[in-house]
Amino acid sequence: MNIATMTARTIPVIIPSLKEKHSGTPVRLSQEAKDAHARLSSNRTLPASQARKRPVRLPPDVSLEKFETAVKELRTEIGDDNVEVNDKPLVDGWYLEHPNTHDAFHIADQEELVSSATVYPGSTEEVQATVRWANKFGIPIYPISIGRNLGYGGAAPRMPGAIVVDLGKRMHQVINIDAENASCVVEPGVTYFKLYEEIQNRNLPLWIDTPDLGGGSVLGNAIDRGVGYTPYGDHFANHCGMELVLPDGELLRTGMGAMPGPDGSDNPTWQSFQHAFGPAIDGIFSQSNFGIVTKMGFHLMPETGHQSYCFTFPRDDDFEHIVDLIRPLAQKRILGNIPQLRHAIQELAVTGGRKKDFHDGAGPMTREEIRTAASKLPLGDCSWVFYGTQYGPPEAIVAQLELIKGEFGKIPGSKFFLPANLPPDHYIHDRASVCSGVPVLRELDWLNWVPNGAHLFFSPIAPTRGKDARTIHELIVAAHQRHGFDLFPTLCVAGREIHYITNIIYDRADPEAKNRAIRLMREMIDECAARGFGEYRTHLLFADQVAGTYNWNNSAFMRFNETIKDVLDPNGILAPGRNGIWPKRFRGKGWELKVDDIDLTTIGPRS
Ligand code: ADP
């Protein structure tokens, strides 16, 4: 059968294991993965792939002839099998078999955010060779580690036709685990699944810190400043030392790694102290396009006792009060981790159910529908759910929980649940895993909400203050209503700030829904910025707009970034446009996408 004519239902379920593929699934999760795949594919109407409408998307300003010459030379450098031209039908796949050719959740046309080719370097030297080659031909390259940054652009390059440098396929070693120092050094292709398995195999009393889904790259997620949920949940803050290739091919080590160890060995404190001497430069390599990270160190948490729990709150209007109660508990570090405050609608979504099971017709679910559906679920009729975890010896946990119960008990009708009080398939058990460093897959079930489910994250930061939280929440609620989307808010609440993360779920076969999602994003970015709330991270196509909101003092911040970019990358080859940073070569030439760019069916220079 031709792949282009296969329907989702006929795709054989081959979910590679970690033994077979660096990005594969651990054996312990293989049945769960199959079940998740079955649910998703039964809710899919799109074919696995379709014939390409256009030929290979060439890099900007590069003729087909020059492209072919360049690819030939790259093949000579890196190996024939390690360079693939992106000319076959695009396959969106799904989380566990994600593409490295385009954005699997294409909010633009599927063929717009695409690479021209993919290269698979097998060593730092080959990364350097790739960078030098890109400079020679003036071809933009875009590094990914695993490429599962779904909701923020996945594996897609911001500039169509760039060459994706897929680091993970051949560079996926756990280079070191230091049990005494409780740290590790990993290559780009090490997933949370893999690091976890490696620690288990070595029987070490260490935890990893994983995001909600465990298939991402430990290094890639930290570079993008992702978060997890143990006390080590700020991934970039818990990194310690990087090795990276600069846009001119130079190799650099940060932190204590800048000092050689004895007899040519790595510096013995490279994974012990982050900042070393002189300017702390690590930060400029996160969410930027200033270097390609080939190794990165991380602190690991020594395993400890833990107890997950949740509270429910009955009224939507309890929201402000809940936030004000969390603030002192978090500032005093009584709360053990960064807890999540979620809306009751998420209890419906994580069952793997579909929206049509709870709601007739178009438009968002009504409050009454959510209440009716939630009341049939284990947590019962409620509006907000707080998921937390406490750490330490049992007596410490008991004492902490008493304090926390005392505070949340101030909200009339609040209820407290332990995992033992809830059925085995309830989401709390997956939270307990994530919050004790065990990577899982459960959050995939959200995507069943609509057919051909895809999602975009909207992720602003707000102060942990009830009235500010209320302001941003009301703004986001109104925008979702206006554009007919259900609102799925997950608030990661720290002592001073909230990562207010909303997941806009749309049918990627429905151009009208995509267009509404784009409008929703554009409006929320602007309306939040007008009140001083900025995004901490965004999808590639919204990066220019978000970057444009950080414009204090005549955009001094962006001008600083551009100065660095132009010095490090004068030929503008490394990830042009990532996080809104355009090199001189492309800056102001129509590539930037601004608030008025609602039609994203084509991506390229605009007049
Ligand atoms: P994950 O699979 O963990 O979500 P990705 O590999 O998709 O992570 O990386 C997220 C983003 O971070 C990528 O789109 C890319 O822009 C950037 N990135 C990833 N790996 C590197 C790296 N090794 N060096 C520089 N930037 C990187």
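Tutor: A residue counts as near a molecule or strand if one of its heavy atoms lies within 4 Å of it. This is a predicted model, where local features need pLDDT of at least 70, side-chain atom pairs count only at pLDDT 80 or more, and totals for chains, interfaces and linings use all residues. Residues are numbered from 1 along each chain as its sequence is written, and side-chain values use heavy atoms, leaving out hydrogens and water.

Student: OK, which residues come nearest the ligand?

Tutor: Ser145, Ile146, Arg148, Ser217 and Val293, out of 19 residues around the ligand.

Student: And how far is the polar backbone atom of serine 217 from a ligand oxygen atom?

Tutor: That distance is 2.6 Å, a polar contact (a pair of N or O atoms within 3.5 Å). A backbone N or O atom of isoleucine 146 sits 2.9 Å from a ligand oxygen atom. Arginine 578 uses a polar side-chain atom, 3.0 Å from an oxygen atom of the ligand.

Student: Switching to helices: at what angle do α6 and α9 pack?

Tutor: About 150°, with axes 10 Å apart, for α6 (residues 319-331) and α9 (residues 394-408). That makes α6 roughly antiparallel to α9 (angles over 145 degrees count as such).

Student: Which residues meet there?

Tutor: Ile322, Leu325, Ile326 and Leu329 in α6 meet Ile404, Glu407 and Phe408 in α9, contact being heavy atoms within 4.5 Å.

Student: What about α6 and α11, what's their angle?

Tutor: About 135°, with the axes of α6 and α11 (residues 466-482) 8 Å apart. The contact involves, among others, Phe319 and Val323 of α6 and Ala469 and His473 of α11.

Terms used. Axes are lines fitted to C-alpha atoms, for helices over the stretch in contact, and angles run from 0 to 180 degrees between N-to-C directions. Helices (H or I, at least four residues) and strands (E, at least two) are DSSP runs, numbered from the N terminus. Angles under 35 degrees count as roughly parallel, over 145 as roughly antiparallel, 65 to 115 as roughly perpendicular and the rest as oblique. A polar contact is a pair of N or O atoms within 3.5 Å; within protein, one must be able to donate a hydrogen and the other to accept it, and residues adjacent in sequence count only if both atoms are side-chain atoms.
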